[in-house]
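Please examine the sequence and the model shown below. The paragraphs that follow lead from a pair of helices to the core, the chains and their interface.

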Amino acid sequence: MVRIIDRRFDSKKKSTANRQRFMRRFKRQIRKAVADAIDGRSIRDLESGEEISIPSKDLSEPSFQHGKEGVWEQVFTGNDRFASGDGIDRPMGGGGSSGGGGASNEGESEDDFVFQLSRDEFLDVFFDDLALPNLVRTELAKLTEFKTQRAGFTSDGVPTNINVVRSLRGAIGRRKALGAPLAARVREIDEEIEALEQDTTAHLDEIAALREERSRLLIRIEAIPFIDRFDLRYNNRIRIPKPITQAVMFCVMDVSGSMDEQKKATAKRFFMLLYLFLRRNYEHIDVVFIRHHTIAKEVDEDEFFHSRESGGTVVSSALRLMTDIVRDRYPPGAWNVYGAQASDGDNWDNDSPICCDILDKELLALCRYFAYIEITTGEAQNLWRQYEGLTAHHRNFALQRIESLEDIYPVFRELFKKEPA
Amino acid sequence: MSNTTLASKKLPSGAEWTFEAIGLYHEEIARVAANYKLDTYPVQVEMITSEQMMDAYASVGMPVNYHHWSFGKQFLATEKRYKRGQMGLAYEIVINSDPCIAYLMEENTLTMQALVIAHAAYGHNAFFKGNYLFRTWTSPDAIVDYLIFARNYIAQCEQRHGVDAVEELLDSCHALMNVGVDRYKRPPKLSLLKEQARQSERETYLQRQVNELWRTLPTRTTTDTKEEAPRFPPEPQENILYFIEKHAPLLEPWQREIVRIVRKVAQYFFPQRQTQVMNEGWASFWHYTLLNTLYDEGLLADSFMMEFLHSHSSVMYQPNYNDPWYNGINPYALGFAMWQDIKRICESPTDEDREWFPDIAGSNWQETFDFAMRNFKDESFIAQFLSPRLMRSFKLFAVQDDDKKSKLFVSAIHEERGYRELRERLSNQYNLGCREPNIQVWSVDFRGDRSLTLRYQPYNRRPLGKSVEEVMKHLARLWGFAVRLETVEPNGSTTLTYECRTEKRRGDSKEKRARN
């Protein structure tokens, strides 16, 4: 008899070991591919994996092979026109000897090796760049948050969940229902006995019989259990996705001439990460993009990141616009407002105090949180110096100077602490 | 066939398989196979998921193998093709072991499971047990144990010496895998117990041997220079990995052991690379024959046969050279056709067959099959058994591509004067000696700079491909001193083709000895 062994449940995902080796080895290429992908993606598009392509030459496994030259002889099938001794023009690209040539050049072909990075792997690489702590990673990568909520009562459950009031109420009802006919009969008997006793003729036998029946009925009433198994009611708790709340996230970015592509790419990661953090807490998130130089303008995402403008910088214009939009469309009673501002810190000197003022007096009162990042490698700029003063009396304001991607995360550390899961 | 079986009722049909149904099919297939006198190892069938199957595909078809990124790459590529539906049939993997393990994939239909049992568990199994290459080079009773040992050993090395160090080493070994086999020398049998028992002994012994070889004391050097230094190695060595394992001066014992593991695995797969047409053709012939016999006995439903034949014929499809999907000669198609043809020659030979195959024309086909299966490999099998009739039906033609001529040249076609040449060409195409460059260890300058010299003997003026530089770098990493590659010119002189002068610098005492 044959041995049939079911191995379907052993070593699930055994391949992951080799797959991880692969990812580990090509980390550099994968990181670059992910970086490219991020540049091409919308900041809200973090739900899918990514197709990664790596040049084949990078992952060739060399071995001794013949080159293309020399004499090659190859047998083909399906001769339809050739006779012995015929000459054939060399096909372009060496197709005629492609059998021999192809076989010997394995690993030298120029096609890229393409594979699919899963969503989790994609986020992992993304987080790696941002130097996120592990706990935060898992929290962020979680797809849906559930919350347990009461949902009435059930008739089975664990003892800790017994609802005493409900159970006893049920028991009373049951006892009443079961006992009622008996109690009614008892009352009847009482009346009959009373009637018989008042009768002068002696009905001693009848009375005795009735008394006996009455005591039997009382025993039966007593025998109805005080509480029975099916009286028990348990609190029912179900898991439901977190309550729908909404947030709006403002991305404010300086697009004056001094913000180059590199800085914009950094800013984009900052916005993306904020989006991920917010998504953890809110079911619905609106994103508003405001770009500014000397005047501010609300734009769509593509224009936000890609079109170029230059000129001076008046930051307050953007803050004013944001304040107006919040007042107009996102009343803080119904929306959680988050602001994220990215700039190289260069502002028109006289404008910085105005910005500070707008934030201090108006905007910060409307916002749950406002984060400012200054992407610069040089000295702190005037906007920074002004903003620094705000941190003292506004707990919902954070600022961070960013030189490399790893500096982004600390901005969120505060935010993360404040927002309980 | 006995009458009792004729009376038995049909086997289960329908797409869904159950373990019970597979058991029933297996029983019948085994019975018919035994009637045909197929000599096989006991069969063990294992049911796995598609993911496990792809994983096994990726680790060179072995269920247990050490971890390496290249297997991950293979896995990703296989997975992609699978998801796109580009891998038609044949998710079958069969392990040349005793008992012979055949893998069935959960997603397959009942028909496909039966097909795979007939193909792999009886076809390939009998071939593994009978063919001389497999009998000589592989030890079915030990291979799975050996691979487990290898995986654990390499995992230990990773823990002790770091994943990177082991990965580098494996990369280098893999680059030399094709030149890490004994082609002519018969290998000693491999056994897990012996391996383990002798491993530590070997480690210390080897290290001592190597050190001895490289101990060149100054006093001795002066006396020796007067005589002609003895050649080392005394004869060219074909197995470069073996040479590295035994003689590379700077390798640590664990590194030698890993070189050995890669070499053993390469050697294990060497017969498979030489018998693809024969082996696949043989297995296909038997799945076709076994299932048709069952059908003739009335055991198989028509729906089963329809699905089976559809699958069979799509695997056996051979496109013509000018079809867009032409990708060389399909080994399944050629092999199946050849075995069918041999049976025909045995049973109803034509005059042409009698002239070409006087030995087998009209003989007992089962005996002829057994003989052919046991004693040939692709190259010799084609040279011996490819009939003119088959060359006509495949419309074979040979094209010569000489880079010194402006045109390609049709050297032979399927006609009377072309048969022999055509057959020789096709046979050559399966000759590993022609397909792979002939590179051997030529000498080691062990009194001088310790450099290792390889020699390449070109075949048909073919140069080495570009990858040679990469491979030589890997070789230099293993050898630890300069490595050279010389090409032997047609006139007998040699030219230096490649030289890699990287030298491992190490601060320990061995280094000092080496620099004396």
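**Helix packing, core and interface**

In this predicted model, helix H11 (residues 240-247) of chain B packs against helix H12 (residues 253-274) of chain B at an angle of about 160°, and their axes are 9 Å apart. Because angles over 145 degrees count as roughly antiparallel, H11(B) and H12(B) are roughly antiparallel to each other. The crossing in which H11(B) passes H12(B) is left-handed. On the H11(B) side the contact is made by B:Leu241, B:Tyr242, B:Ile244 and B:Glu245, and on the H12(B) side by B:Arg256, B:Val259, B:Arg260, B:Val262 and B:Arg263. Sorted by class, this contact of H11(B) with H12(B) has five nonpolar and four charged residues, with no polar ones.

Helix H2 (residues 19-35) of chain B and H5(B) pack at an angle of about 40°, with 10 Å between their axes. H2(B) and H5(B) are therefore oblique to each other, and their crossing is right-handed. From H2(B), the residues B:Ala21, B:Ile22, B:Tyr25, B:His26, B:Ile29 and B:Ala33 meet B:Leu110, B:Gln113, B:Ala114, B:Ile117, B:Ala118 and B:Tyr122 of H5(B). By class, the contact of H2(B) with H5(B) has 10 nonpolar residues, two polar residues and no charged residues.

In soluble globular proteins, nonpolar side chains tend to be buried together. In this model the largest nonpolar core has 166 residues, and B:Ala102 and B:Ile117 are those with the most contacts inside it. Helix H5 (residues 110-130) of chain B supplies the largest share of this core, 13 residues. Apart from this core lies another, of 58 residues, which includes A:Val248, A:Met259, A:Phe277 and A:Val315. Once neighbours within four places in sequence are left aside, B:Ala102 is in contact with B:Val43, B:Val45, B:Val94, B:Val116, B:Ile117, B:Ala120 and B:Ala121.

The two chains may next be described in turn. Chain B has 23 helices and nine strands, and buried residues make up 44% of its 516 residues. Among contacts in chain B with a separation of 6 or more, 73% are accounted for by residues 24 or more positions apart. Chain A contains 13 helices and 13 strands, and 29% of its 421 residues count as buried. For chain A, residues 24 or more positions apart account for 81% of the contacts with a separation of 6 or more.

Where the chains meet, 77 residues of chain B are in contact with 51 residues of chain A. Helix H4 (residues 69-83) of chain B gives the largest share of the side of chain B that touches chain A, namely eight residues. By class, that side of chain B has 35 nonpolar, 24 polar and 18 charged residues.

A:Glu51 is found in strand E2 (residues 50-55) of chain A. Is A:Glu51 buried or exposed? A residue counts as exposed if 12 or fewer other C-beta atoms lie within 10 Å of its own; A:Glu51 has 12 and is therefore exposed. Leaving aside its neighbours within four places in sequence, A:Glu51 is in contact with A:Val114 and A:Gln116. The C-alpha atom of A:Glu51 is separated by 9.1 Å from that of A:Val34, a residue 17 residues apart from A:Glu51 along the chain.

Technical notes. Residues numbered from 1 in each chain as written. Chains lettered and ligands numbered in written order. Predicted model: local features only at pLDDT ≥ 70, side-chain atom pairs only at ≥ 80, totals over all residues. Helix = DSSP H or I, 4+ residues; strand = E, 2+ residues; numbered from the N terminus. Buried ≥ 20, exposed ≤ 12 C-beta atoms within 10 Å, placed from the backbone. Contact = placed C-beta atoms within 7 Å. Axes fitted to C-alpha atoms, helices over the stretch in contact; angles between N-to-C directions. Parallel < 35°, antiparallel > 145°, perpendicular 65-115°, else oblique. Left-handed = near helix turned anticlockwise from the far one by under 90°. Nonpolar A, V, L, I, M, F, W, Y, C, P; charged D, E, K, R; others polar. Core = buried A, V, L, I, M, F, W, Y, C linked by C-beta atoms within 7 Å.
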